[in-house]
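User: I would like to learn how to read aromatic ring pairs in a protein model. Could you take me through the general idea and then the case at hand?

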Amino acid sequence: MMTRRVLLGGLAAAGVAATGLRALSGKAAPGGAAGPEARFPFTLSEAEWKARLSPQQYAVLRDHGTERAGTSPLNAEKRPGIFACAGCGHPVFDARTKYESGTGWPSFWEPLPGGIGTSVDRSFFMTRTEVHCANCGGHLGHVFEDGPQPTGLRYCMNGVAMTFRPATA
């Protein structure tokens, strides 16, 4: 028979286990990016990040959050140009590699050379490959192996984590 004490003890143990899995994943605690030992060319203090980014951008780029599917105007962006990190302006994807994945997030089949880095994300009791900006370490999204050719990859990005610069004529 389940008692309140057993239930609360089980919930506490689950919380400790989840925290331990996050620590093992190499992901930084809230406010970090791409791992506590990671160093990036572009750095700011947490106060500077908070001043630079909107609350939603901060939640995604610095705290590894996820925007709600279908909410980003960048999902419908079809013009030629470059998608860049909203945190530091570093170019991460060319619009030529963008495609409609049906997921509700901007998706790409290939990043720009030197645009991104990846790390293992073991949060939420699963293993995924996190994508972060190679310049500032900001969390952009995840990459999956169910994309189109020629790479077979789907870089599923948070639109709020990026900006778009249209190509000039």
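Analyst: Rings of Phe, Tyr and Trp (its six-membered ring) pair if their centres lie within 6.5 Å, and planes under 30 degrees apart count as stacked, over 60 as edge-to-face and the rest as tilted. This is a predicted model, in which local features need pLDDT of at least 70 and side-chain atom pairs count only at pLDDT 80 or more, while totals for chains, interfaces and linings use all residues. Residues are numbered from 1 along each chain as its sequence is written, and side-chain values use heavy atoms, with hydrogens and water left out.

User: How many aromatic pairs does this rule give?

Analyst: The rule gives five aromatic pairs. In one of them, the ring centres of Phe 42 and Trp 49 lie 5.8 Å apart with planes at 65 degrees, so this pair is edge-to-face. Trp 49 has a relative accessible area of 2% and is therefore buried (under 20%, where exposed is over 50% and partly exposed in between, with a 1.4 Å probe and protein chains only), whereas Phe 42, at 23%, is partly exposed.

User: Are the rings of Phe 93 and Phe 108 stacked or edge-to-face?

Analyst: Their centres are 4.2 Å apart and their planes at 15 degrees, so Phe 93 and Phe 108 are stacked. The pair joins distant parts of the chain, 15 residues apart, with Phe 93 in strand E2 (residues 91–94) and Phe 108 in strand E4 (residues 107–108); strands here are DSSP runs of at least two residues, numbered from the N terminus. Phe 93 and Phe 108 are both buried.

User: Which residues do ring pairs link into a cluster?

Analyst: The cluster consists of Phe 83, Phe 93, Phe 108, Tyr 155 and Phe 164, linked by ring pairs.

Methods. Helices (H or I, at least four residues) and strands (E, at least two) are DSSP runs, numbered from the N terminus.
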